[in-house]
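Here are my notes for someone opening this one for the first time. Have the viewer ready and follow the points in order.

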Amino acid sequence: MKIEDLRVNQVREPLGFSAAPLSFSWKVREAIEGDELLSARLTVQRQRDGKVVYESREGETINPLDTEIPFTPEARTRYLFRIAAWTKAGEAFRRKGQRFR
């Protein structure tokens, strides 16, 4: 499985945008035919110090096509968002952070 095309409000690296609410999306490519996505976790952290400012709860349903989160970014602050995903076959995948501001 491969996680790719991470976006915030439908933009790949939205630096300098101020839009609320924030909507996160990504694409999942399945490595094994028939293997399905079981769950995923979305994490948002400040880039300068790595502080996690949002993390989806275990068991929370998040949609890779459009997931809005209750978070308002600070002005002139860069963030990273990361995705971790698990399949029914027990495979785990993580995607490095995508920047946004």
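1. Start with a side-chain pair: Asp-66 and Ser-23 make a polar contact through their side chains, at 2.2 Å. A polar contact here is a pair of N or O atoms within 3.5 Å; within protein, one must be able to donate a hydrogen and the other to accept it, and residues adjacent in sequence count only if both atoms are side-chain atoms. Keep in mind that this is a predicted model, where local features need pLDDT of at least 70, side-chain atom pairs count only at pLDDT 80 or more, and totals for chains, interfaces and linings use all residues. Residues are numbered from 1 along each chain as its sequence is written, and side-chain values use heavy atoms, with hydrogens and water left out.

2. Where does Asp-66 sit? Look in the loop between strand 4 (52–55) and strand 5; strands are DSSP runs of E, at least two residues, and helices are runs of H or I, at least four residues, numbered from the N terminus. Leaving out residues up to four places away in sequence, Asp-66 touches Ser-23, Phe-24 and Ser-25, where contact means heavy atoms within 4.5 Å. Asn-9 is 57 residues from Asp-66 in sequence, yet their C-alpha atoms are 8.7 Å apart in space.

3. The cut-offs are under 20% for buried and over 50% for exposed, with partly exposed in between (1.4 Å probe, protein chains only).

4. Thr-67 belongs to strand 5 (residues 67–69). A polar atom of the Thr-67 side chain lies 2.5 Å from the backbone oxygen of Asn-63. Beyond residues up to four places away in sequence, the residues that Thr-67 touches include Leu-22, Phe-24, Trp-26 and Leu-42.

5. Now the sheet around it. Three strands form an open sheet in the order 1-2-5, with antiparallel pairing; two strands pair if DSSP finds at least two bridges between them. Strand 1 and strand 5 are the edges, each pairing on one side only. Strand 1 and strand 2 pair over 5 bridges, and Glu-4 has Lys-27 in strand 2 as its bridge partner.

6. Next, the largest nonpolar core, which has 20 residues; Phe-24, Trp-26, Leu-42, Val-44, Phe-81 and Phe-100 touch the most other members. Strands 1, 2, 3, 6 and 7 each give two or more residues to this core, and strand 6 supplies the largest share, 4 residues. A core here is a set of buried Ala, Val, Leu, Ile, Met, Phe, Trp, Tyr and Cys residues joined through side-chain atoms within 4.5 Å.

7. Why call strand 6 largely enclosed by the rest of the structure? Because 7 of its 9 residues are buried.

8. Finally, the whole chain. The secondary structure comes to 0 helices and 7 strands. Of its 101 residues, 36% count as buried. Among contacts with a separation of 6 or more, 59% come from residues 24 or more positions apart.
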